[in-house]
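Subject: Structure handover, with notes on pockets and helix packing

Dear colleague,

Please read the notes with the coordinates open beside you.

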Amino acid sequence: MPGLQRPARAAVVLSSIAPDLDGFGLPFELATRASDHPLLWWTEYHHILGHNLVFASVVSLITFTIVRSRRLLVAALAFLGANVHFLCDLLGSRGPDGYQWPIPYLLPFSSRELVWSGQWALNAWQNVALTLVLLATTFALAWARGHSPLDLISTRADDVFVSALRRRWPRA
């Protein structure tokens with residue numbers, strides 16, 4: 001995201017992964033699964049609470065509120081990022097048991113769910129190939145621009161990473 005300051009880039013990245021906050025219940029479900037009253041918070045709420053148009057809109061509004069510059073652009077990118085997350089889940093998040101994760105995109109306005117019959121398994125070759133292509137793209141952009149997503153965590157780690165890339169693949 002050229003031209004965006006570090007906090008704005010961080011807001012967009014966090015908005016893109018925020019839909020999976022609805023997976024908060026997994027540790028509680030695992031901890032209570034052998035009890036008489038297991039908490040099925042992950043089973044009942046993952047891909048429900050955070051995987052819809054309302055959630056994407058709220059995340060975008062929060063992003064608009066907290067960033068200082070280019071607010072409309074950053075909010076639009078946050079909304080787009082959340083929706084790309086939904087699309088990726090719709091394309092390739094089928095479980096090992098064959099369960100296809102539906103996306104309740106219009107919840108709470110409609111209970112109709114989006115599902116694609118060709119949904120790839122989470123560990124399918126398509127997801128592996130896409131991951132490799134996106135990693136290669138990330139590395140190439142980091143090499144060219146001088147910063148990577150590590151910049152959002154540590155500028156020092158980012159400098160070391162970009163330097164290592166540039167040493168490994170110097171300019172021709």
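The second largest pocket holds about 170 Å³ of space, where a pocket is found on a 1 Å grid over the protein atoms alone as an open set of points where a 1.4 Å probe fits, with protein on both sides within 12 Å along at least five of seven lines. Grid points are joined across faces, edges and corners, and the volume is the space filled by probe spheres set on the points. Its lining (residues with an atom within 4 Å of a point) includes Asp20, His46, His47, Asp89, Arg94, Trp101 and Asn123. By class, that lining divides into 4 nonpolar, 5 polar and 3 charged residues, with Ala, Val, Leu, Ile, Met, Phe, Trp, Tyr, Cys and Pro counted as nonpolar, Asp, Glu, Lys and Arg as charged, and the others, Gly among them, as polar.

Please bear in mind that this is a predicted model, in which local features need pLDDT of at least 70 and side-chain atom pairs count only at pLDDT 80 or more, while totals for chains, interfaces and linings use all residues. Residues are numbered from 1 along each chain as its sequence is written, and side-chain values use heavy atoms, with hydrogens and water left out.

The largest pocket contains about 1000 Å³ of space, and of the 34 residues that line this pocket, Val13, Ser16, Leu134, Thr138 and Pro149 are the closest to its centre. Helices α1 (6-17), α5 (71-92) and α6 (125-145) each contribute at least two residues to the lining, which is made up of 20 nonpolar, 10 polar and 4 charged residues.

As for the fold, the protein has 7 helices and 0 strands, both taken as DSSP runs numbered from the N terminus (helices H or I, at least four residues; strands E, at least two). The C-alpha atoms fill a box of roughly 60 × 35 × 35 Å along the principal axes.

Turning to helix packing, α1 and α5 have axes that come within 7 Å and cross at roughly 30 degrees, the axes being lines fitted to C-alpha atoms over the stretch in contact, and the angles running from 0 to 180 degrees between N-to-C directions. This makes α1 roughly parallel to α5, given that angles under 35 degrees count as roughly parallel, over 145 as roughly antiparallel, 65 to 115 as roughly perpendicular and the rest as oblique. In their contact (heavy atoms within 4.5 Å), Ala8, Ala11, Val12, Ser15, Ser16 and Ile17 of α1 meet Val74, Leu77, Ala78, Gly81, Ala82 and His85 of α5, a set that divides into 8 nonpolar, 4 polar and no charged residues.

Helix α4 (residues 53-66) also packs on α5, at an angle of about 150 degrees and with the axes 8 Å apart, which makes α4 roughly antiparallel to α5. Among the residues in contact are Leu53, Ala56 and Phe64 of α4 and Arg71, Phe79 and Phe86 of α5, and by class the contact has 11 nonpolar, 5 polar and 1 charged residues.

Finally, the axes of α6 and helix α7 (residues 155-168) come within 9 Å and cross at roughly 95 degrees, so α6 is roughly perpendicular to α7. Phe139, Ala142, Trp143, Ala144 and Arg145 of α6 make this contact with Phe161, Val162, Leu165 and Arg166 of α7, giving 7 nonpolar, no polar and 2 charged residues.

With best wishes
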